[in-house]
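These notes are for a colleague who is opening this structure without having seen it before.

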Amino acid sequence: MADHDSVRSALKLMQENVDGAMYRAVLDMASEGIIVTDAENHIVAVNPAFTAITGYPPDEVVGRNPSMLHSGLHDSEFYQAMWDTIRALGRWEGDIFDRRRDGSVYRARLAIAIERDAAGNAVRHVAIFRDVTEAREVSERLWRHSNYDLLTELPNRGLFLDRFLQALVRAGRGSQRVALLFVGLDGFKTINDTLGHSIGDKVLHEAGRRFQGLIGRGDTVARFGGDEFTVALTEIDGVDGVETVIRALLEALYEPFLVETHHILLSCSIGACLWPGDGDDVETLMRNATSAMQAAKEAGRNTFRFFTPTMDARAKARSRLAGELSNSLAGHEFQLAYQPIVEVATGRLVGAEALLRWQNRYIGAVSPEQFVPLAEEMGLIMPIGDWLIGEACREAAEWDRAGLGALKVAVNVSPRQVQQGDVALTLERALGETGLAPERVTVEITESLLLSCGTEIIEKLARIRRLGVTLAIDDFGTGYASLAYLKHFQVDLLKIDRSFVATCLENPEDGRLIEAILALAHSLGMRVVGEGVESPAQLEFLAERGCDLAQGYHYSPPLLSSRFRSYATL
Ligand code: C2E
Ligand code: CA
Ligand code: CA
């Protein structure tokens, strides 16, 4: 900016020809506001840009002191310092808030210069200014944009980490303690998937607002990303104080969220760690608070955990597993095992359930109950699922060729796979490539998928069903789906969860539940599989009550391909 140059050239022009046409032209054409005052600082002239910016026509200001523009936002010391500088150096430059004729405040970039006579007495002052309100607002908006989360209006990850580091440094100087909380919303993905992103966004905004309302000045609550928030608490006086804040955060969500016409219930899981003690740097503390949050989720959600070293060990094992898992598909480390499914009345083999097996060269065999949830989280379940469906279809087509008969193959698909992937397309391709008839394939989905069901999922399931494949509900009885509800999804098959079969003989209630499921399912035209049948007595129990199919160690454990083929020829 060349304010001083322009001031100087304006002064020069005035000296040469104070009332001349050229001076007038400079004043008129300048896009900057110009004020000329006399020795006593009374306004003698202003230009059109001055009027455009301030709203004052010349006749309302001439003869008055420029202090008439004061906004009241600066104290007298500010003006004192400004005049001291002008007198000492002959000029001043800086940002100033002034007030327009209509009362509104604007921010000006202002340069003032003094013009003296030969004796050194002030003759005139010339002030040149630009309205920079908008420019400053833009740069402030940009700053907000890169430091704040636009959705919740809370600090974002970057700003949070900055502030957290500052808090650690300050606390270190004053030998104080700092707590870090990692807050994960429970089941938020379901809200997003079922009610849509715009409602999900509103829930996030409201959750952020409620958290913010509880956090004192000097502490920071931030949206760390996705459905995760972080809180830095400073000046804490021990674990009790932290726990009080944590409980308040948990309770803040108890009140249902009212979004549009929906009453949404939400909770959160909170992990906490303290400094000093739980880590020496921001990164370690973040990791440990995350592990503690994970532990709170595993403990059943809507609760909190303080970090312990065991969590660290588990988190490390988990990240090791995740690292190995990401290479497992390319490394051909997966195999399918096939567990026979038998018709109860005749004892005839009718098909098999394909179960995923992972044998890692370093870790060894890992149970699907451990790695499937991890694969879901990592987004790996889609490629794994695609491979698995293709492999299962190839195998079933082989059974045919090997003369084992038209056995059915059942594949498990996880909720995430249905929600994020295109299972129907994968199936269609696999059926096309292998020439397998669609009625030879069963897709097992979980009850929870149906419960969280939006129209998009219903349409996806309908597409799978239209291919001509069988739709089965896995682990039935462990969720909350009612049978009548299942009717809407054209489910063909129910698999009674193995926990009910395991206790049906000792626990009469479980026995009656199985009876009720069988009766209702049959009345709705569904067939039923009893899972986890381990003993002849359990099989008899199911047979007497008309259970259609059974599966379990009583017949066979899951078998790798060649062993399954031997089993099937028996
Ligand atoms: P699931 O779908 O309910 O699978 C049946 C599980 O019960 C299998 O465990 C099987 O080995 C076990 N099982 C079979 N018969 C008996 C029995 O008589 N008694 C007992 N106690 N258990 C029996 P597995 O293979 O460890 O699989 C565990 C879970 O992992 C599965 O439960 C399923 O939810 C998941 N899973 C397995 N394979 C896949 C897959 O390919 N894709 C997906 N998305 N999930 C899979
Ligand atoms: Ca299953
Ligand atoms: Ca099952």
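1. The largest cavity holds about 60 Å³ of space, where a cavity is a set of points, on a 1 Å grid over the protein atoms alone, at which a 1.4 Å probe fits but cannot get out, and where a volume is the space filled by probe spheres set on the points, joined across faces, edges and corners. A search of the whole structure finds one cavity of 30 Å³ or more. Rolling a probe the size of a water molecule over the atoms shows where empty space is left.

2. This is a predicted model, in which local features need pLDDT of at least 70, side-chain atom pairs count only at pLDDT 80 or more, and totals for chains, interfaces and linings use all residues. Residues are numbered from 1 along each chain as its sequence is written, chains are lettered from A and ligands numbered from 1 in the order in which they are written, and side-chain values use heavy atoms, with hydrogens and water left out.

3. The largest cavity is lined by Val-418, Gly-421, Asp-422, Val-423, Ala-424, Lys-460, Arg-463 and Ile-464, lining residues being those with an atom within 4 Å of a grid point. At least two lining residues come from each of α15 (423–434) and α17 (455–466), with α17 giving the most, three residues; helices (H or I, at least four residues) and strands (E, at least two) are DSSP runs numbered from the N terminus.

4. The largest pocket contains about 1,700 Å³ of space, a pocket being an open set of points with protein on both sides within 12 Å along at least five of seven lines. Of the 42 residues that line this pocket, the closest to its centre are Gln-294, Arg-301, Arg-318, Pro-373 and Glu-377. The largest share of the lining, 11 residues, is supplied by α11, and by class the lining has 14 nonpolar, 12 polar and 16 charged residues. Here Ala, Val, Leu, Ile, Met, Phe, Trp, Tyr, Cys and Pro count as nonpolar, Asp, Glu, Lys and Arg as charged, and the others, Gly among them, as polar.

5. Ligand 1 sits in the second largest pocket, in the sense that more than half of its atoms lie within 2 Å of the grid points of that pocket. The elements that give two or more residues to the shell around ligand 1 are β14 (349–360), α12 (368–377) and β18 (470–476), and β14 provides the largest share, four residues. The shell comprises 21 residues, of which the closest are Gln-339, Leu-388, Arg-498, Glu-534 and Tyr-553, a residue being near if one of its heavy atoms lies within 4 Å.

6. Which atoms make polar contacts, meaning pairs of N or O atoms within 3.5 Å, with ligand 1? A nitrogen atom of ligand 1 is 3.1 Å from a backbone N or O atom of Leu-356, while an oxygen atom of the ligand lies 2.9 Å from a side-chain N or O atom of Arg-357. For Asn-412, a side-chain N or O atom is 3.2 Å from an oxygen atom of ligand 1. Taken alone, ligand 1 exposes 780 Å², of which the protein buries 85%, with areas from the Shrake-Rupley method and a 1.4 Å probe.

7. Two backbone details may be checked in the loops. The peptide bond from Trp-275 to Pro-276 is cis, with omega near 0°, and Pro-276 is in the loop between β11 (267–275) and α10. Asn-41, a residue other than glycine, has a positive phi, near 65°, and is found in the loop between β1 (33–38) and β2 (43–46).

Note on methods:
Polar contact = N/O pair within 3.5 Å; in protein donor to acceptor, adjacent residues only side chain to side chain.
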